[in-house]
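Dear colleague,

Please find the structure below, together with its sequence. My findings follow it.

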Amino acid sequence: MYAQLVDTGVQRVAALEELPPEERAFQERIDADVKIEPKDPMPEAYRRTLIRQISQHAHSEIVGMLPEGNWITRAPTLKRKAILIAKVQDEAGHGLYLYSAAETLGVSRDTMIDDLHTGKVKYSSIFNYPTLTWADVGAIGWLVDGAAIMNQIPICRCSYGPYARAMVRICKEESFHQRQGFDLMLALCRGTPEQKRMAQDALNRWWWPAVMMFGPPDAESVHSAQSMRWKIKLVSNDDLRQKFIDQTVPQAEYLGLTIPDPQLRWNEERGHYDIGPIDWDEFYNVIKGNGPCNRERLQARKTAWEEGAWVREAAAAHAEKQAARCAKAAA
């Protein structure tokens, strides 16, 4: 989900014998499951692909604070408010870890932020949908964070060390987010008929965007194949999507909710659920900036960056002052 349409800069996946000696040696290290560290030699295309993916992942965590942050002041109980505040705070921390991981590749955080604001780099399509009711907070935790875990656990074993290590803590916290969302949906489904209808409505609106989160079929992109060759990506979009569906359908049945797909069927021969056609036109439309909340989300980030300039300037001035004092004391 965080590598949606990431361009690797290659036209086809080259055979090992076609690679120049330096790249062949690099690929052999990857194939041997040796982690690549920041100061290790690496192909420029590998470095650029990592920057694109990690920065897109970081932007997704930061923009992802907005849909749920919208409900902090309107949470129905103090307990739910505390849980939601903790979750949104976690997402901010995830963004910080990931920006730091990307910086080890030689890109500045200011550059990454500017790329987001100018539309040069995207974030996950899922965060361009509105949160219309309190049940949407539960649906996001259950479905969106559930899908995120499917995507992120394999990244803990990716070839780039700083990215893999950052993902270990992120995945532990995402598991809390998924459980929080399911618990919220369970409370609604065990509540009044109106509350259960609200939960069903949230599932109806979030199901297909969540299924699309994993991106289009890998067979349609050479870039996905190259990322898997480099072990930046370890599992195909379709396999991740299938695992998510197989896990989530029984959970919906336990909640007493109906997946909004009349063609959903258990396929005994495959041992998996079959689903109806995915509306990829909607996916690409959202990616291009035409989703329900694209402009709103991006403007919110731009405004926060501009209004927070004085905080960054004050922090920088304080750091310079402290450094000067330390230098003077050491003299």
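Among contacts in the protein chain between residues at least 6 apart in sequence, what percentage join residues at least 24 apart? The share is 79%. Please bear in mind that this is a predicted model.

Let me begin with the overall form. The secondary structure of the protein chain consists of 13 helices and two strands. Its radius of gyration is 21 Å, close to the 20 Å that the globule rule gives for 331 residues, so the chain is as compact as a globular protein of that length. Along the principal axes, the C-alpha atoms fill a box of roughly 70 × 55 × 35 Å. Of the 331 residues, 49% count as buried.

The largest nonpolar core has 52 residues, and W142, L143, W206, W207, F244, L255 and L257 have the most contacts inside it. Elements that give two or more residues to this core include α6 (135-155), α8 (193-212) and α10 (237-255). Another core, of 29 residues, lies apart from it, with L98, V107, A164 and C171 among its members. Leaving aside neighbours within four places in sequence, L143 is in contact with L203, W206, W207, A210, F244 and T248.

N128 lies in the loop between α5 (109-117) and α6. This residue counts as buried because its relative accessibility is 2%, and buried means under 20%. The side chains of N128 and Y123 are joined by a polar contact of 2.6 Å. Not counting residues up to four places away in sequence, N128 touches several residues, including V286, C293 and R297.

Yours sincerely,
A colleague

Technical notes:
Residues numbered from 1 in each chain as written. Predicted model: local features only at pLDDT ≥ 70, side-chain atom pairs only at ≥ 80, totals over all residues. Heavy atoms only, no water. Core = buried A, V, L, I, M, F, W, Y, C linked by side-chain atoms within 4.5 Å. Buried < 20%, exposed > 50% of the residue type's maximum accessible area, 1.4 Å probe, protein only. Helix = DSSP H or I, 4+ residues; strand = E, 2+ residues; numbered from the N terminus. Contact = heavy atoms within 4.5 Å. Polar contact = N/O pair within 3.5 Å; in protein donor to acceptor, adjacent residues only side chain to side chain. Rg over C-alpha atoms; globule rule 2.2 N^0.38 Å.
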